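These are my notebook entries on what I looked up in the structure. I took a loop position, then a helix and its packing, then the confidence of the model.

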Amino acid sequence: MEAPSCGGGLSKIGRVLLRHHHDSPPTSDTGRPGERTGTPTPRTRTSTAPQDQDVHRPQDQASRRPLSENGSPAPRPPLYDHAHAASPAVPVLHDAGDSPGALTADPDVRSPGASAPGLRRVVLASQTRGATMHDHRRLGRELDLFDTDPLMGAGLPYWLPDGAVVRHTLEEYIRDAERRAGYRHVYSPALGKRELYETSGHWEHYGDDMFPPMDVGAEQVLLRPSLCPHHALIYRSRSHSYRELPLRMAELGGMYRSELSGVLGGLTRVRSITLNDAHIFCTLEQAVEEARAALELIGRAYADLGIRAARYRLSLPGEGGKYVADPELWRRATALLREVLDGSGIPYEAAEGEAAFYGPKIDVQITDPAGREATLSTVQIDFHQPERFDLHYIGPDGAKHRPVMVHRSIIGSVERAVAHLLEEHGGAFPPWLAPVQLMVLPVGEEQSEAAHALAGQARERGLRAEVAGPEQGTLAARIRSARLVPYQAVIGGREAAAGLVAPRLRDGSRPDTLPGDELLRRIGDRVAARGPGLWDPS
């Protein structure tokens, strides 16, 4: 499967924005081979430095802020700028890697906040409507989740500790969901011989989006643009009986796309992609049920992540020679996907020109706060790859039969999923996904011992807890600083003496004081239940 998270063609408005505002957040990505729509971008490698940012402006290397006239780092903007919040100006956003931190907005632009009370926001003007929205690139830097460096290159973000926590938690959630659904996990290399991608058809249909071959002795190897060929080879490496099917194979693996600098954007359009991919090898009779089960798995994940599908799209081939020329293959696969959608009772729209080069697919579309649409998840039924790799299983008659290959991705790429979660929740992640789940706040130094003891007990229970003591400022300042943390536990003199804590929730509510063990139990139950909810009354 070829980066379903980045699939989906540009909307009409998106194509206009891409032509005239290359530095604005991208409207969508086109991750699967054969999916590019809209006005094509000339394949000319250009400088990645933004034209409206003075890259020679002196900066303090520690804070990455411009230097003031006296040589000290210029102050950060105020926490909440009411004047800017009312301004419709569009911030200039860069992801060119021209300077450290270039993943995020121009330093002179105020940053958006999150959905929790008291946070600053930035107003981004849409060409169709005004909209207050969160931009994941700014939030990524503000919350110390991810960033870029010019020495690494454009479209190659790195993950900071808190961002790594979010990513690791999301990846483990996906692996656990897949294990429960009967998937087996594999690892495959991020390189492959050129002949591999000639066999799969990627070299012919997708070569322009692949990095050039590397000569290694007498061979040529490439960074893979897809995990599908590797999984087909893993299946082919062993003989299989019909009794083993469906065989569900999953991997969170790296893949690479030679994107032009002008279309790179934060985490939504990158050159190094971590794809949540899976391939189900099954009989023709099993294909519809496996695809339907994949859609249900996607729906459960969306509920746990607190995100919504905007619509479902049946992506079909369009005009041109970028698709596999096999009308019968397309007819059979399309008929099965329609059966999946109709049987699930899911409203959908058919769209020509959005298919992968080797077959039709069901795309689960999402929208960002500005209403721009992109593909996050996808399900495909594929007859092409099994034929190209000569895959087979032994049927009950003792003869060889061709399996069907169902491609599916729950969250697409990890990068796009985190970007969407940031913009959907404004940095206020669901409790189970938050980098820090509990912040313990001792009122004074006298309560520090009790605070550290509570944080230690939380960590022993598998919760991510930290202590913000009086050395970090007043209690009010520490509460504001930890406003994105789902749970705060305030410990004053009376609470410490009685073994109690005063909980505060991110939404501003304040449950009654309760024993520390009881608070940890309640938080643990909510984290284990997943979902966006903060508190159960009982």
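I located A370 in the loop between β13 (361-367) and β14 (373-382); strands are DSSP runs of E, at least two residues, and helices runs of H or I, at least four, both numbered from the N terminus. A370 counts as buried because its relative accessibility is 13%, the class being under 20% relative accessible area, with exposed over 50% and partly exposed in between (1.4 Å probe, protein chains only). I found its C-alpha atom 9.8 Å from that of D135, which lies 235 residues away along the chain.

The model is predicted: local features need pLDDT of at least 70 and side-chain atom pairs 80 or more, while totals for chains, interfaces and linings use all residues. Numbering runs from 1 along each chain as its sequence is written, and side-chain values use heavy atoms, without hydrogens and water.

I next examined helix α4 (residues 161-180) and helix α8 (residues 284-305), whose axes come within 12 Å and cross at roughly 145° (lines fitted to C-alpha atoms over the stretch in contact, angles from 0 to 180 degrees between N-to-C directions). I listed L170, Y173 and A177 of α4 and L297, R300, A301, D304 and L305 of α8 as making the contact (heavy atoms within 4.5 Å).

Among the buried residues of α4 I noted L170, Y173 and A177. I recorded G182 after α4, with a positive phi near 90°.

Finally, I read a mean pLDDT of 79 for the protein chain, with 75% of its residues at 70 or more (pLDDT is the predictor's confidence in each residue, from 0 to 100).
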